[in-house]
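Hello,

Here is the structure I promised to pass on to you. Please open it alongside this email, and read the notes below with it in view.

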Amino acid sequence: MTLSTSLARGVAPATPGTLHARTVTDELSAPPRQGATLCFGRGEKPDVDLGVGVDDLRVSRRHGELAFHQGMWWLRNTGQQLVRLPRGRMMHLSTEPLPLDTGYTPLFVKGTGYREHLVELYVSGHDDHGPVSRRRAETVRPEIFALDDDERLLLVVLGQRYLLYEEDPRPLTYSMAAKQLAYLRRDAGWNERRIEHRIEAVRRRLDRTGFRYPLMHDKSQGRPTDNSLLHNLVKGLVESTTLVPPDLELMEDDAVWPDPAP
């Protein structure tokens, strides 16, 4: 069987609610029928409908299930290893089934070592018109957030590990950042208190823009640490390309800076 290209490119028009699924070895489509159930995993037909990780003993023979009820497709992990969903969400064997949104959903089955096996899912919606080439269309630009010079320098110092694309980066502490800023801008009066004040001001301003990650304390959920909110701030700014690796040049000794405000 010749497999199609990635489902991320879209699917041919189909009855709304039709489920399309694809792995490196198999693909299938299933209409939205009450009680319909599809299984994916390392096993063979007829035990599974969609093969995934067929050479990886860490993948269960029946690793996941897709069932249609209540007008939706529901995903359940039935395997021993975790299933990773977009935005870092994990599903365990004990996790309650999750409904699939219309459109494209990639999921990854944890395998041996660092291996992860991709299962592409696509649920047809009412407004699907099939794959459409957009080669000549203008590129949608990322949303860049406005920062003044002081804010950019401060966030580059605090988030330098993110701009180096380190694995699982964390922001510098205010104490460490204050020491670096005191060296870079000797007459600017940077200290921990001033850093905290400026970061809170940035968080408040960007929180009103519909920033991708939470930037303010949610009192109903308890009080998280400021470090977790700073992580959200820097992560979102890097992902939006508001902060980019060339910004690290601002930390060079010979960087040219305007005179500090009186």
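**What I found**

Strand β3 (residues 37-41) gives the largest share of the lining of the largest cavity, namely 3 residues. Helices and strands here are DSSP runs numbered from the N terminus, with at least four residues of H or I for a helix and at least two of E for a strand.

Before going further, a word on the source: this is a predicted model, in which local features need pLDDT of at least 70 and side-chain atom pairs count only at pLDDT 80 or more, while totals for chains, interfaces and linings use all residues. Residues are numbered from 1 along each chain as its sequence is written, and side-chain values use heavy atoms, with hydrogens and water left out.

**The cavity and the pocket**

Searching the whole structure turns up 1 cavity of 30 Å³ or more. The largest cavity has a volume of about 30 Å³, and its lining consists of Ala 21, Leu 28, Leu 38, Cys 39, Phe 40, Leu 50 and Leu 66. By class, that lining has 7 nonpolar residues, no polar and no charged ones. (Ala, Val, Leu, Ile, Met, Phe, Trp, Tyr, Cys and Pro count as nonpolar, Asp, Glu, Lys and Arg as charged, and the others, Gly among them, as polar.)

The largest pocket holds about 270 Å³ of space. Among the residues that line the pocket are Leu 75, Leu 85, Arg 87, Asp 101 and Tyr 104. β9 (98-99) and β10 (103-110) are the elements that give two or more residues to this lining. The lining of the largest pocket divides into 7 nonpolar, 2 polar and 3 charged residues.

Both searches use a 1 Å grid over the protein atoms alone: a cavity is a set of points where a 1.4 Å probe fits but cannot get out, a pocket is an open set with protein on both sides within 12 Å along at least five of seven lines, and lining residues have an atom within 4 Å of a point. Grid points are joined across faces, edges and corners, and a volume is the space filled by probe spheres set on the points.

**The sheet**

An open sheet of 6 strands runs in the order β2-β1-β11-β10-β7-β8, with antiparallel pairing. β2 (27-30) and β8 (90-91) are at the edges with a single partner strand each, so one side of each has no neighbour in the sheet. Two strands count as paired if DSSP finds at least two bridges between them.

Leu 19 stands opposite Ala 30 in β2. On its other pairing, β1 meets strand β11 (residues 116-123) in the antiparallel sense over 4 bridges, and His 20 has Tyr 122 as its bridge partner in β11. Strand β1 (residues 19-22) is covered on both faces, with Leu 19 and Ala 21 buried on one side and His 20 and Arg 22 buried on the other. (Buried means under 20% relative accessible area, exposed over 50%, and partly exposed in between, with a 1.4 Å probe and protein chains only.)

Arg 84 has Met 90 as its bridge partner in β8.

**Residues to look at**

- Arg 87 is found in the loop between β7 and β8; this residue is exposed, with a relative accessible area of 78%, and has a positive phi near 65° although it is not glycine.
- Thr 241 lies in the segment after α5 (226-239), also has a phi near 65°, and is partly exposed at 37% relative accessible area.
- Lys 45 and Pro 46 are joined by a cis peptide bond with omega about 5°; Pro 46 is in the loop between β3 and β4 (50-51).
- Gln 160, in helix α2 (residues 160-163), is buried with a relative accessible area of 16%. Beyond its neighbours within four places in sequence, Gln 160 is in contact (heavy atoms within 4.5 Å) with Leu 172, Gln 180, Leu 248 and Met 251.

**The whole protein**

The protein has 5 helices and 11 strands. Of its 262 residues, 41% count as buried.

Best wishes
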